[in-house]
Amino acid sequence: MRIGITCYPTYGGSGAVATELGLELARRGHEVHIISYASPFRLRGFAERVTFHEVAQTEYPLFEQSSPYAMALAVKQHEVAMREHLDLMHAHYAIPHAAAAWLAKQMLKPERDLKVVTTLHGTDITLVGQDPSYFTITKFSIEQSDRVTAVSAYLRDETYRAFGCTGCDVVVIPNFVSTAEYHPPRPPPSPADRTWRHALAPADHKVLVHVSNFRPVKRVTDVVRVFAGVRRQLPATLVLVGDGPDRDAAEQEADRLDLRREVRFLGKVDNVADVLRGGDLFLLPSQTESFGLAALEAMACAVPVLASAVGGLPEVVVEGETGFLTPVGDVDGMIDRALRVLRDDALHARLKAGAAHRALEFAADRIVPRYEQLYEDVLRD
Ligand code: GMT
């Protein structure tokens, strides 16, 4: 198939999933065209059968407050669909990608029917899409898509609840993980794994890890507070990967709690899997999370997860088997679970094995064929 993919290029789960999907589809022989305003962060270098198309946005004084990106995107989607004979356009994150794809579909209509598949990822449904300024167009573009998928049952149900969506059937296709990249340390720990562990923290420290885009929804200051509680009881290091609006607040919290030496902010790094493999416990105390791709990637590296019991996270993290779930904001509860895991070698080993085993259920080669099947179905319509 010849597949167009539209996504955000920035650090975040939807762009990560869209790009990894494109790469997996290309490995399976499909031709993939990724369209965005910049090259997505997970598209590192050349990949066979994958082409990136940048959306050109002309500057003009009149546009000062209103760069019409969605229109430039629709133009690029239409152009790529024509030139590359795309079979379908897969929009990741409804706003504005699904609406732009609908416009491209209309422009192409005189010649043929470009099928539009939309994948809902999270705040496009739970937050931004429900804002009055975006509600009707989000509902419209979901209803007009030829197929709609959601990354968890929670997000599907939330879509029906918030939007009604007459006549639309939202199919759940969970996120997936590349087990070639995200895998447990190779037994016995390879020299590379030992080096990473050694580089992250002193040998006698437990290593807690958090990976996110540091948006308020991630509650990164809770991460620091949970770590502070753990650190009071045992030697430990907290490693934070990523960057975003709440990084300053998290750094200030670490300073306030006098944890500067034990908290390491790595910023945006490429080889997240290497860092994860050096970790003992992953913290994700989010306010909401439609799926929690970062939790899945940690589990795939055999790192148990402590997360909030919200949204789609219980569909990923199995309480007591791959980690623990606590109510949002329950810092003391998380400290309690973290200490339980880190002090009990047998429990820790069981959770590590459980996490790695559970992650295999979300391996790319199990999930990507579900997208291929969906594409085949929509092309038969
Ligand atoms: O919805 C968002 O906040 C953006 C989106 C992103 O691009 O980071 O994140 C969502 O999509 C991810 C991939 O499907 C999910 O793993 C995240 O749970 C989800 N974020 C939220 O629901 C907050």
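Author: Let's start with strands: helices (H or I, at least four residues) and strands (E, at least two) are DSSP runs, numbered from the N terminus. Two strands pair if DSSP finds at least two bridges between them.

Reader: Before we look, what kind of model is this?

Author: A predicted one: local features need pLDDT of at least 70, side-chain atom pairs count only at pLDDT 80 or more, and totals for chains, interfaces and linings use all residues. Residues are numbered from 1 along each chain as its sequence is written, and side-chain values use heavy atoms, leaving out hydrogens and water.

Reader: OK, in what order do the six strands line up?

Author: They run β10-β9-β8-β11-β12-β13, an open sheet with parallel pairing. β10 (263-267) and β13 (323-326) each have a single partner strand, so one side of each lacks a neighbour in the sheet.

Reader: How do β9 and β10 pair?

Author: Strand β9 (residues 236-241) is parallel to β10, with four bridges between them. Look for Leu238, whose bridge partner in β10 is Val263.

Reader: Which helix packs on that sheet?

Author: Contact means heavy atoms within 4.5 Å. Angles, from 0 to 180 degrees, are taken between N-to-C directions of axes, which are lines fitted to C-alpha atoms, for helices over the stretch in contact. Here, helix α8 (residues 220-233) touches β8 (206-211), β9, β10 and β11 (281-284), and its direction makes about 165° with that of β9.

Reader: And what is the order in the sheet of seven strands?

Author: β3-β2-β1-β4-β5-β6-β7, again open, with parallel pairing. Helix α14 (residues 364-380) lies across β1, β4, β5, β6 and β7, at about 145° to β5.
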